[in-house]
Amino acid sequence: MRLEDVIKRILEARPDLTREEISRLIKQRASEERAVSMLSVALSVARDLGVEVSMEFDTSTPIEKLVPGLSDVTVTGRIMRIWRPKTFKRRDGSLGKMASLILADETGEVRVVLWDEKAELVEIGELQVGQVVRIAHGYTREGLAGRKELHVGPRAVIQVSPPGVDESKFPSPFPEPVEISSIGPEDRVASVEGVITAMREPRTFRRADGSEGRVLRLRLSDGTGSVICVLWDEAADACEHLRPGARLRLLGARVRESLSGQLELHVERANQVEVVSEELEALGPKELVKVADLAPDQFGVNLAVRVLRVGGVREVRTGQVATLVVADETGSVRLDLWDEKAELASQVRPGDVLLLRNAYTRERRGTLVLNVGRMGSVELNPEGLEVEIPPVLEAEITPLGQISGPGGPYTVEVVIETAPELREVITSSGEQVAVASAQVSDGTGEMRLSLWRDLADQLITLPVGARVRVHNVWAREGPFGLELTSGVDTFLEVVEGPGGS
């Protein structure tokens, strides 16, 4: 259908209007909307005037049947790939535009060349990869290496998602989803499906050309692994309402390697993201690791733990951090909650269950530390989740007789020999804290044990003769000689009361 056909149809249905008046309405609408297709504007004006214009085209030609030299052809297919428009100078000195794309149906694919105002449809984003389109009144030419091409000029009409077309019959431009663990740096694009384990708030930024963009970072996990996904502009807008636990499918994402060497998946367009489910999904057994399986420099770690100790929030150079000690049936580990996650420490109590998503591990001074940062999440006492831990955790016990100088961390099992004494001290930072000290022994030796802050409150309640296991204590020189003292990841367990009770 041509522009002239639409004007004739309006004149037939509205004899009260002249050709000049209709043309003026079309030009005015085109100017207001900065439209690049006069035919599209004419159809919009016709609808406003109450005139129905049938957009019927001849039956589409299968792509495999196209040959060079056709002057008026209609083709329907899915856009598989797009090349951005290029500006060129004609022989007469005027400027033109040209863009190209690959169109495919069930019989084959063809390169489509769009000229001038049709090329601008790519520039303004009206044509995108994945769309099914019908191109009418195109013409074919022989391109490079003798390949056929479909050219789209000013006479042609492009319909996006044409009515009456079964889009499921057309091939997808995106690869099938694969397991996240199978993606490597040699891959250029990949499709994945998984559960959002962590995400940041969308961020707005300004590009070098002055335009505004948006970016959203999240981590996706599928049970075989996890990966950082970076969503730009349209894709970010499509997913900003989601929360960790939603299931998401990314199609045709570009695989990139970050400066730290981690793989990332990048998508820009809304049709590259499919929200499978917005409901929070429980992490399955395959997606939860055990404390005993933790090792340094792991990322995307999900696990369920029970809290043994809650430390206070402290300021560090990079922000604030709260240190907890947590455990499952396989062992215990220090947990650092960073920045806004640190504020959760005020709500957590020993015995609480935490579901951690997208945690990571680091080794600090020889000690494995589990961390939850901005990309991670913490769920407190999730319904239906239980973590059983033994009354006393397994650990390698160091006899007191083998501790001859400063060092650690050690785990000791000792008997309290003297009633604990509580005192207040001022730290080098000016903080006033509680310290409880008692003499302890284990049959191989005897030492002074000093526990700080919340651990002091625990020690002061224990009677003489109680047997305790103290994890992650350090040997240091004190005013009374070599003594055992607590650190941020120390915790205490009562093995038995006085007299073996």
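How many nonpolar, polar and charged residues does the lining of the largest pocket have? By class, that lining has eight nonpolar, ten polar and eleven charged residues, where Ala, Val, Leu, Ile, Met, Phe, Trp, Tyr, Cys and Pro count as nonpolar, Asp, Glu, Lys and Arg as charged, and the others, Gly among them, as polar.

## Basis of the model

The structure is a predicted model, in which local features need pLDDT of at least 70 and side-chain atom pairs count only at pLDDT 80 or more, while totals for chains, interfaces and linings use all residues. Residues are numbered from 1 along each chain as its sequence is written, and side-chain values use heavy atoms, with hydrogens and water left out.

## The two pockets

A pocket is here an open set of points on a 1 Å grid over the protein atoms alone, with protein on both sides within 12 Å along at least five of seven lines, whereas a cavity is a set of points where a 1.4 Å probe fits but cannot get out; lining residues have an atom within 4 Å of a point. Grid points are joined across faces, edges and corners, and a volume is the space filled by probe spheres set on the points. The largest pocket holds about 890 Å³ of space, and of the 29 residues that line it, R314, R453, G487, V488 and D489 lie nearest its centre. Two or more lining residues come from each of β14 (301-316), β15 (319-328), β16 (331-338), β24 (467-478) and β25 (481-496), with β14 giving the largest share, seven residues. These elements are DSSP runs numbered from the N terminus, helices being H or I of at least four residues and strands E of at least two.

The second largest pocket has a volume of about 730 Å³ and a lining of 24 residues, of which R81, I82, V129, R269 and Q272 lie nearest its centre. The elements that each contribute two or more residues to that lining are β1 (73-89), α4 (117-123) and β11 (247-257), and β1 gives the most, with five residues. By class, the lining of the second largest pocket divides into eleven nonpolar, four polar and nine charged residues.

Rolling a probe the size of a water molecule over the atoms shows where empty space is left. The structure holds one cavity of 30 Å³ or more, and the largest cavity contains about 40 Å³ of space. Its lining consists of I79, L101, L103, V112, L114, L127, V133, I135 and I158, and β2 (95-105), β3 (108-115) and β4 (132-142) are the elements that give two or more residues to this lining. Divided by class, the lining of the largest cavity has nine nonpolar, no polar and no charged residues.

Several of those names return in the largest nonpolar core, where L101, L103, V112, L114, L127, I135 and I158 touch the most other members among 25 residues. At least two residues of this core are supplied by each of β1, β2, β3, α4, β4 and β5 (148-152), and the largest share, four residues, comes from β1. A nonpolar core is a set of buried Ala, Val, Leu, Ile, Met, Phe, Trp, Tyr and Cys residues joined through side-chain atoms within 4.5 Å; buried means under 20% relative accessible area, exposed over 50% and partly exposed in between, with a 1.4 Å probe and protein chains only. L103, leaving aside its neighbours within four places in sequence, is in contact (heavy atoms within 4.5 Å) with residues including I63, V75, I79, V112, V133 and I135.

Strand β5 is mostly covered, with four of its five residues buried. Two strands pair if DSSP finds at least two bridges between them; four bridges join β3 to β5 in a parallel arrangement, in which V112 has L150 of β5 as its bridge partner. Four bridges also join β4 to β5, which run antiparallel, and R141 stands opposite E149 in β5. The hairpin of β4 and β5 has five residues between the strands, and A145 there takes a positive phi near 60°.

Strand β10 (residues 226-232) is likewise mostly covered, five of its seven residues being buried. Seven bridges join strand β9 (residues 212-221) to β10 in an antiparallel arrangement, with V215 opposite W232 in β10. β9 and β10 form a hairpin with four residues between them, and G223 in the turn has a positive phi of about 95°. Four bridges join β10 to strand β12 (residues 263-267), which run parallel, and the bridge partner of I228 in β12 is E264.
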